[in-house]
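Hello,

Here is the structure I promised to pass on. Please look it over first; my notes follow below.

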Amino acid sequence: MNPNPFTRFVKKFSILFSRERFASELDEEMAFHREQVEKELVAEGMGPEAARFAAMRQFGNETKLIEQSHQEVTFRVETVVQDLRFALRQWRRNPGFALTAVLILALGMGVSVAIFGFVDAALLEPLPYANPDRLMSVNESNIEESRWPLSYLDYLDWQRLNKSFSSLDVYGSAGYLLRTPSGAEPVEGARVSAGFFQTLGVHPILGRDFNPGEDRLGGPNVVILSYGAWLHHFGAGRDAVGQTVDLDHEAYMIIGVLPRAFSFAPSGNAEFWVPVNSLSHHEQMRTFYNFWGIGRLRDGVTMKAALAEMAAIARQLQRQYGVTGRSLTASVVPLTEIIVGDVRPILLTLLGGAGLLLLIACVNVASLVLVRAESRRREIAVRCALGATRARLVRLFASEGLLFAGFGNLAGLIFAGVIMQFLGRLVPKDMASNMPFLGYVGLNAHTGAFAIAVGLLAAVLLAVTPMVRLSLQKVRDELASGGHGATGQLWRRLGANMAVAELAVAVVLLVGAGLLGQSVYRLLHVPLGFDPNHLATVRVMAPGTIYHSDEQTAGLYREILGRASSLPGVQSVGMASLLPVQCNCNTDAIQILGRPSHDEHNEVVERHVSTLYLPTLKANLVRGRLFTEAEDASRPGVTVINQSLARKYFRGEDPIGQRIADDEGGHPSEWEIVGVVEDVHEGPLDVDTWPAEYFPINQTRDHYFSLAVRTGQDAGMLLPVLVSTLHQIDPNLGVSDEQTMDEQIEGTQAALLHRFSAWLVGGFASMALVLGVVGLYGVIAYSVSQRTREIGVRIALGAQRSSVYKLVMRQAGWLTLAGLAIGLVCSVGAALAIRSLLFGVQAWDPVTLGCVAVLLGLASMAASFLPARRAALVNPTDALRAE
Amino acid sequence: MVAGMAKKPDLLPGTLDMMILKTLTRAPLHGYGIALSIKHLSDDVLTVEEGSLYPALQRLLLQGWVKAEWKMTETNRRARFYKLTAAGRKQLGFEVSQFEQMIAAIGRVLKDAQEA
């Protein structure tokens with residue numbers, strides 16, 4: 001029955017472009033009507049003048065009539081365009097206001113969109129593998145660590161026995177010395193089972209994947225290159241496949257090249273991927289755990305079911321092979337968890353912080369809009385008097401809010417792009433390789449959608465605020481009142497609530513930043529048990545093919561230690577299998593000789609060190625003695641233990657002279673305790689020190705070791721000399737990771753992640769503080785301006801200036817107190833939510849809470865002092881005359 | 001007579017469009033003519049307010065139920081004449097039948113109320 005919407009649209013559209021004509025035609029038509037009525041009235045005997053007025057009265061407001069007719073045929077959009085044009089005109093009249101509002105919004109939106117970009121890339125985007133949700137990290141598990149590596153023999157049995165996984169593979173990291181024309185270069189590699197890439201669903205872009213069976217013992221020396229290695233070492237030549245490379249003095253044939261986008265975070269920067277087809281002496285033992293498993297769940301098998309099956313297999317194998325003291329079971333968790341589990345709490349915290357900042361920005365702009373609505377009261381009242389409906393007024397404000405949000409959003413998007421780039425670059429390269437998702441951070445469909453959602457939310461908030469005000473009062477009363485009285489009161493309450501909200505949010509962010517900052521401080525001041533200053537460190541790899549006899553290795557040690565200690569400024573040089581503050585890895589299961597074994601599991605950190613290593617670190621010897629140079633492979637095994645080990649296993653006994661044994665054959669398996677040192681923090685900063693044992697490197701013979709060089713001068717200056725000295729000793733040595741101990745500690749993941757979050761939340765908090773205090777200032781200043789007359793009267797009646805100060809400051813004080821109280825309660829809740837990021841500090845840390853309260857209190861008082869001063873200086877005669 | 005003071009029954013809501021269409025069934029009329037004709041046909045009981053007449057006419061134009069044309073009146077004045085379209089005639093039939101059903105229903109209710 002109705003004409004189709006299209007013709008209606010066309011009609012409306014044509015009217016849109018002939019509005020003048022539309023109005024003039026209506027005008028003419030109605031003038032005709034009016035004349036006819038006039039004639040009619042005259043015919044009824046009315047005087048011509050009286051008839052004209054009567055006809056006009058009957059017609060009413062003609063403009064309004066045209067307007068009403070027009071509304072019938074017009075697009076809703078048209079008035080919106082009108083409103084937008086009006087809003088823009090308002091901006092031009094008051095560019096400072098518009099610019100401030102847009103900038104504040106852009107700040108809030110930019111920060112939250114940028115942080116969301118990271119959250120999206122890390123937590124929402126699936127991993128870049130085939131069906132990544134079916135990929136599990138499959139490992140053993142014991143009491144100390146919920147995720148414990150697999151031994152190779154266990155892996156083979158797990159693979160054979162399980163029914164939950166369509167494929168089960170392992171990977172382990174490896175370091176190689178790559179022979180290049182300019183000498184040996186240490187490179188990172190990974191050893192994987194043959195099906196590894198297939199399980200991930202990754203295919204080489206060049207050449208082929210490993211063939212099944214290439215990972216059988218005695219299999220061929222083949223290698224698959226990462227894209228980076230192909231580019232850097234082979235110039236991305238297509239003929240690279242089929243060539244051979246020299247890794248650790250063995251020839252490997254290149255069979256494939258991995259895609260550019262491929263990354264596998266748990267293997268870090270691995271560039272050379274080889275199949276596991278030769279096992280070290282240790283690796284042939286069932287209790288040497290150094291491979292990590294991944295598996296692809298069969299269709300229909302749940303993670304829980306897989307875990308139950310694997311746990312049963314683990315227990316069965318443990319019984320079958322008489323593995324004691326481990327109480328091993330299995331762990332099956334999504335691979336995603338392994339890759340992004342560490343950064344999830346940090347990213348969520350940052351997102352929360354950014355959200356709060358956005359909230360405060362929106363509230364701030366909303367209250368700006370409100371203040372302006374206040375100053376436009378007369379305009380609004382006049383609009384009402386001229387017949388603007390409530391709906392029309394609401395639309396007017398809504399379109400202004402929309403405009404703010406729109407511009408803020410646009411600026412925010414640009415800002416977000418900049419922040420994302422900047423933050424991405426802040427992540428050090430070493431760490432970035434553990435965060436493959438960083439490559440996907442940027443402006444894309446997801447972040448765009450998020451930005452639009454945020455913008456719409458802000459627009460709604462900005463549009464609703466003035467509407468609330470409109471509904472709170474009868475606008476029409478305003479013309480008469482001249483803008484004073486009850487309405488000011490009402491606005492003050494709303495504005496005051498907003499200021500309280502802003503202050504509370506600022507408190508939450510400040511407390512968060514304070515706690516995170518304290519965590520960083522505590523983390524970097526964890527007792528290390530050694531002096532990290534003036535220590536230069538470097539990693540050395542000695543090719544086993546050259547240094548295969550004990551004498552050759554011992555000779556190399558002597559040469560390195562001798563040459564390094566004679567360098568200018570060097571005080572002493574030590575050598576260790578692994579430097580402190582790295583990881584609680586390379587562990588050893590020990591037994592105390594002469595004590596009945598209760599099947600308990602005694603896992604301790606094991607380090608092989610040179611005679612002068614502990615003195616070089618300035619570790620404190622508590623009892624007994626350190627090693628001597630004479631204690632080499634020909635002498636009985638000796639060990640120095642740390643205090644944690646002494647406390648744990650020799651409570652109330654003297655450990656000196658006791659003997660411990662380990663279950664890894666090959667080397668002397670009995671060690672006599674000759675000394676006890678204070679705990680040296682071997683593991684990451686945020687993990688408690690484990691019991692540790694130190695063996696003389698002369699009795700263990702490591703080919704991978706690190707040097708620690710104590711110097712009287714700047715350790716950084718020594719590094720290049722140290723590296724070149726090592727190359728002079730033997731160009732075949734792989735030398736890497738040269739850095740000072742301080743750099744190394746600051747560069748650990750724990751320190752970096754904590755610092756990163758502390759700085760960012762600190763940044764959010766300072767912006768929030770500024771916005772909150774500015775908000776408070778606005779409220780107080782406005783209320784003072786509204787009360788000028790009242791204050792004038794008070795002063796005229798004899799009130800002291802000081803009491804006027806008190807009057808204003810009391811109001812500000814209440815607002816601040818309310819904001820503080822709400823904020824402190826909320827911040828304890830927020831701090832509990834980010835508990836996992838806190839280190840050495842409680843969520844309700846009184847010092848932090850107190851400092852924040854004082855800081856905010858001072859800032860608020862400063863902000864309200866200015867308006868208070870203005871109030872106190874009010875000249876009563878001026879104030880009264882101004883009315 | 002003072003316009004606006006006299007108390008006149010309001011039009012039933014929703015019936016204005018129908019009555020405008022009805023007045024146009026005989027011949028095209030201008031706005032004043034429509035108002036006049038409704039007034040006469042109802043024996044001065046119904047008055048169409050100008051404030052509702054012109055918006056209603058725009059609505060009908062937009063729906064395509066009437067067409068407008070500028071023509072000369074008998075007194076040689078330019079006026080916009082509205083003419084019923086085929087779609088308008090159809091719509092009128094529809095609205096009248098709707099209205100009659102409604103009136104009949106109301107009548108039944110009232111009758112029942114009187115008898116009770």
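Read from the N terminus, the elements of chain B follow the order α-β-α-α-β-β-α. That comes to four helices and three strands. Helices (H or I, at least four residues) and strands (E, at least two) are DSSP runs, numbered from the N terminus.

A word on the source: this is a predicted model, where local features need pLDDT of at least 70, side-chain atom pairs count only at pLDDT 80 or more, and totals for chains, interfaces and linings use all residues. Residues are numbered from 1 along each chain as its sequence is written, while chains are lettered from A and ligands numbered from 1 in the order in which they are written.

Now one helix pair. In chain B, α1 (residues 16-23) packs with α3 (residues 50-63) at an angle of about 75 degrees, their axes 10 Å apart. Axes are lines fitted to C-alpha atoms, for helices over the stretch in contact; angles run from 0 to 180 degrees between N-to-C directions. So α1(B) is roughly perpendicular to α3(B) (65 to 115 degrees; under 35 is roughly parallel, over 145 roughly antiparallel, the rest oblique).

Which residues of α1(B) and α3(B) meet? Leu16(B), Asp17(B) and Ile20(B) meet Ser52(B), Ala56(B) and Leu60(B). Contact means C-beta atoms, placed from the backbone, within 7 Å.

Across chain B, 48% of the contacts with a separation of 6 or more join residues 24 or more positions apart.

Finally, chain A. The C-alpha centres of its domain 2 (78-126 + 343-483) and domain 5 (543-732) lie 59 Å apart. Domain bounds come from an automatic or database domain assignment.

Best wishes

How values were computed. Two residues are in contact if their C-beta atoms, placed from the backbone, lie within 7 Å.
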